[in-house]
Amino acid sequence: MSPEQPLERAAAEAAAAAQQSQQYALVLAAVQAAQIVQQQQVQPPVCQHHHGPQQAPAVGKWIAIGVAGSVGAISLALSAIAVAVGAVAVTCCLLVLRSMWREIQRGRL
């Protein structure tokens, strides 16, 4: 073995190692590119427009509706009571007038 032979052999191995490391770098870049493409396909699309500030639920609106409904129900109940009282009063008046009419017809008054 001459001293040049191991040196040439080492140079050839270094060149082969450099070429192999370039191949590894290309393979690694291809794997990373495939992972990026796969992540982009899995992720949902990002919303591009601006949503305004989140509004709180309209609690006041429902309270107003409840109060208005309660007032309406109470007024309806009171009007039904008023109609019933009026019907009783008219019935009593009619009974009194009928009895008076009968007595007039009989000649007692």
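Of the 109 residues of the chain, 0% count as buried, where buried means under 20% relative accessible area, exposed over 50%, and partly exposed in between (1.4 Å probe, protein chains only). This is a predicted model, in which local features need pLDDT of at least 70, side-chain atom pairs count only at pLDDT 80 or more, and totals for chains, interfaces and linings use all residues. Residues are numbered from 1 along each chain as its sequence is written, and side-chain values use heavy atoms, with hydrogens and water left out.

The accessible surface of the chain is about 10100 Å², and 67% of that belongs to carbon and sulfur atoms; areas come from the Shrake-Rupley method with a 1.4 Å probe.

The chain has two helices and zero strands (DSSP runs: H or I of at least four residues for helices, E of at least two for strands, numbered from the N terminus). The 48 residues of H2 should span 70 Å at 1.5 Å a residue, and the end C-alpha atoms are 71 Å apart, which agrees; the expected span is 1.5 Å times one less than the number of residues. Gly-107 follows H2 and has a positive phi, near 90°.

Val-96 is found in H2, residues 59–106.

A search of the whole structure finds zero disulfides, a disulfide being a pair of cysteine sulfur atoms within 2.5 Å. Cys-92 is in no disulfide, and its nearest cysteine sulfur, that of Cys-93, is 7.1 Å away.

Relative accessible areas:

| Residue | Relative accessible area | Class |
|---|---|---|
| Cys-92 | 43% | partly exposed |
| Cys-93 | 48% | partly exposed |
| Val-96 | 46% | partly exposed |
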